[in-house]
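Hi everyone, thanks for coming.

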Amino acid sequence: MASGGRVPELGVLVCLGALLAGWVAAGLEAVVIGEVRENVTLHCGNILGPRGLVTWYRNTSGPVFLLSSNSSLPPASPRFSLVNSSSLHIEALSLQDEGNYTCQEILNVTRWFQVWLKVASGPYQIEVNISATGELPNGTLYVAKGSQVDFSCSSSSWPLPMVEWWFQPPNSTGEPFGNNLTLSSFTLLLMSPNLQGNYTCLAMNMLSGRQRKVTTELLVYFPPPSAPKCWAEVSSGSSTLQLICRWDGGYPDAEFLWTEEPGGVIMGKSKLGVEVLNQSQLSDGKKFKCVGSHIVGPESGASCMVQIGSPSLLSEPIKTCFVGGNVTLTCQVSGAYPLARILWLRNFTRPEVVIKPSSHYLITQDGQSSTLTICNCSQGLDEGYYVCRAENPVGVREVDIWLSVKEPLNIGGIVGTIVSLLLLGLAIISGLLLYYSPMFCWRVGNTVRGQDMGDVMVLVDSEEEEEEEEEENAVEEEEEGNWRELPKQRAKHDHIHRVTALVNGNIEQMGNGFQDLQDDSSEQQSDNIQEEDRPV
């Protein structure tokens, strides 16, 4: 019996296979899509109402029995079951379940329904590879500006997924790079800051419609374009000295290391680049070095140097001011780093009292040069020592300036005194010449008269015409002998005469006559002397 019953069953399967092949060629099958590890239900036609005997087969190389509504026929696998006495329910799908399924229903007539089952898998485990320069502790990738970066994305999926890359800059919307069903990699040749942002790989299973994506943040770093700068300054609100180092223009910010030089003793390391010095580190001429390092910068970093120094002062030690006038005191500071604060003080009993600017004291400062102008000088108020003080955290220097206030000079009186002294000296010299050399004056007079004797007129103021004639005869005799000399003196009738000569139209006073000789013998002796001096 058993063997006789199986022969007709085989014949039915052969006929069923022939029918299924025809229906497949005609494209009459329904399509159902399921996913791996999911459940799926295949319906036996689209018929409402009572159903007949239903049997499910799977077509591989031939029809394979799966399940029947006849309870006497057990299912081929526990994963198969009937739903609503007609639909095939398959649990925990796998890729091997994909294929062509046939439903046979016997109700008055025998009907056949074909279902095509497609099984999709994934995408699972998307892997994104970016040839970055490095990775931060939080997993963020970074690359150096100008470098070449390769991108690739892969996932396990069936059928092969469609891969699409999206790029979203900071504070902006995303934009696609393009999609490719087979290739999922590309290369950016020159990375620039505008390519910094989120890169998303999207993988989609075109059969199931399921998609997965992975987003990776990529930063573009670059070191500062110039060398670091460092300096020292006094911190606000206190007198402490702090060192400051800056290396701007890079991304992200650099880190700074301060050391004492020489020796390289490490003082501190920070991102701020600020180091506060204590009192023991403040000495004139001491050097400090700042080394800046960047995550994509040069391995040796970049450095700068700071040398602190106490101030030195230069000024005039003595200044003079006249009462009622103005005077300017100057103080020049050099060698101070950081820059010194310049103060003016009076060197009295309390030198710490600082001079404040006012209408009497004008204080100006240009760089490290300061001037103090004292207006309307007063001897009692302003004369004395003034102190110029320069101070910075490294040291303090002071210099004293003495201001002398004097009465103004009387220029008119000085000039009058000088003129009076000159006239007095001239009078003294003239008196000495007349006293010691009386003949010198007569010889000078004779020299002047002898320059031109071409026309001589002698006027005689006398009471007697005889004396006039005698003097004229004497003048004529001197002209004939080329001896130009006027009579010095003439004693006649005990009178003193004044003689005036007109030479070439010029009047010259020749002087006063000498006193008349006492007697005729003296007069004769004088005449003899004149005769001897006369040239032959």
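Let me begin with a term: a salt bridge here is a side-chain nitrogen of Lys or Arg within 4 Å of a carboxyl oxygen of Asp or Glu. Please keep in mind that this is a predicted model, where local features need pLDDT of at least 70 and side-chain atom pairs count only at pLDDT 80 or more, while totals for chains, interfaces and linings use all residues. Residues are numbered from 1 along each chain as its sequence is written, and side-chain values use heavy atoms, with hydrogens and water left out.

Now, how many salt bridges does a search of the whole structure find? The search gives 10, and I'll show you three of them.

Take Arg-51 and Glu-105, whose side chains meet with N and O 2.7 Å apart. Arg-51 sits in the loop between β2 (40-42) and β3 (53-59), and Glu-105 in strand β7 (residues 99-107), so this pair ties together parts that are 54 residues apart in sequence. Strands, by the way, are DSSP runs of E with at least two residues, helices are runs of H or I with at least four, and both are numbered from the N terminus. Is Glu-105 buried or exposed? Glu-105 is buried, at 0% relative accessible area, while Arg-51 is partly exposed, at 21%. The cut-offs are under 20% for buried and over 50% for exposed, with partly exposed in between, using a 1.4 Å probe and protein chains only.

Next comes Arg-79 with Asp-97, a salt bridge of 3.0 Å from N to O. Arg-79 is in the loop between β4 (63-68) and β5 (80-83), and Asp-97 is in the loop between β6 (87-90) and β7, 18 residues apart. Here Asp-97 is buried at 5% and Arg-79 partly exposed at 26%. Going back to Arg-51 and Glu-105, they belong to one network with Arg-111, joined by salt bridges that share partners.

A nonpolar core is a set of buried Ala, Val, Leu, Ile, Met, Phe, Trp, Tyr and Cys residues joined through side-chain atoms within 4.5 Å. The largest has 20 residues, and those that touch the most other members are Leu-329, Trp-344, Leu-372, Ile-374, Tyr-386 and Leu-403. Which element gives the most to this core? That is β26, with 4 residues. Trp-344 has contacts (heavy atoms within 4.5 Å) with residues including Leu-329, Val-354, Ile-363, Leu-372 and Ile-401, leaving aside residues up to four places away in sequence.

Strands β17 (residues 229-234) and β18 (residues 241-246) pair in the antiparallel sense over 6 bridges; pairing requires at least two DSSP bridges between the strands. Val-234 stands opposite Leu-241 in β18. Between the strands are 6 residues, and Gly-237 takes a positive phi near 85° in this hairpin.

Last stop, the surface. Phe-322, Leu-409 and Val-419 are among the residues of a nonpolar patch with about 880 Å² of accessible area together. Helix α3 (residues 411-436) gives the most to the patch, with 7 residues. Val-419 lies in helix α3 and is partly exposed at 40%. Patch residues have over 30% relative accessible area and no salt bridge, with like charges joined within 9 Å and nonpolar side chains (Val, Leu, Ile, Met, Phe, Trp, Tyr) within 5 Å. Areas come from the Shrake-Rupley method with a 1.4 Å probe, and for residues only the protein chains shown count as cover.
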